[in-house]
Amino acid sequence: MSSVSSIHADDGAHHHAHDDSKKTIVGFWLYLMTDCLIFASLFATFGVLANATAGAPGAKQLFDLNYVAVETLFLLLSSFTFGVAVINVHKQNKGGALAWLALTFLLGLAFIGMEVHEFSHLIAENAGPGRSAFLSAYFGLVGTHGLHVTMGLLWLGVIMHQVSKFGLNAVMERRIACLSLFWHFLDLVWVCVFSIVYLGGVL
């Protein structure tokens, strides 16, 4: 009788854990939807103010497409390496998962480094966010995306520490799945930034 009760208790615990996992994923999707609204507002603002340069330099004078293309390549590659890391997670390959997550971190860090350099260069050229409405919208949109990537890098660092310490249990798999959604979402947003802000402004 006690063994039957134990089986029922285990089944209940498994069902509860499964429900918690589903709630976490659904909750994270809801969070991403709120982020979509934030970026949609920033894109709309940029669209309205794209030509409001007030005599200051515009996109064609300020942006270097070759530089931004390299920046974009780093972020897109990081999405690929994160995907390979997730494959290793599903295979329970801890070493492989950590290696690919570390490579993702380095690529994301390179992206942020290039963005910070670009911002500092623009400010040094007297093209900061206070120079025109166009530049305010630009710094607001691109800066918000960069802040999200920075938060993603911090989250990724915590995840790598936890995987190295606790291994690839069900909780860690769920956390990595959420971070993967977040990272790929940021890649998608950046593709829109590159297409609308940089390509649309220069070409």
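Visitor: Is Trp155 buried, partly exposed or exposed?

Guide: This is a predicted model, where local features need pLDDT of at least 70, side-chain atom pairs count only at pLDDT 80 or more, and totals for chains, interfaces and linings use all residues. Residues are numbered from 1 along each chain as its sequence is written, and side-chain values use heavy atoms, leaving out hydrogens and water. Buried means under 20% relative accessible area, exposed over 50%, and partly exposed in between (1.4 Å probe, protein chains only). Trp155 has a relative accessible area of 28%, so the label is partly exposed.

Visitor: And which kind of aromatic pair do Trp155 and Phe182 form?

Guide: Rings of Phe, Tyr and Trp (its six-membered ring) pair if their centres lie within 6.5 Å; planes under 30 degrees apart count as stacked, over 60 as edge-to-face and the rest as tilted. These two sit 5.8 Å centre to centre with 50 degrees between the planes, so the pair is tilted.

Visitor: Which helices does that pair link?

Guide: Helices are DSSP runs (H or I, at least four residues; strands are E, at least two), numbered from the N terminus. The partners are 27 residues apart. Trp155 lies in helix 5 and Phe182 in helix 6.

Visitor: How buried is Phe182, as a relative accessible area?

Guide: Phe182 falls in the buried class. Its relative accessible area is 4%.

Visitor: Which residues does Tyr198 touch?

Guide: Contact means heavy atoms within 4.5 Å. Residues up to four places away in sequence don't count here. That leaves Phe63, Leu65, Val68, Glu118, Tyr138, Val142, Trp190 and Val193.
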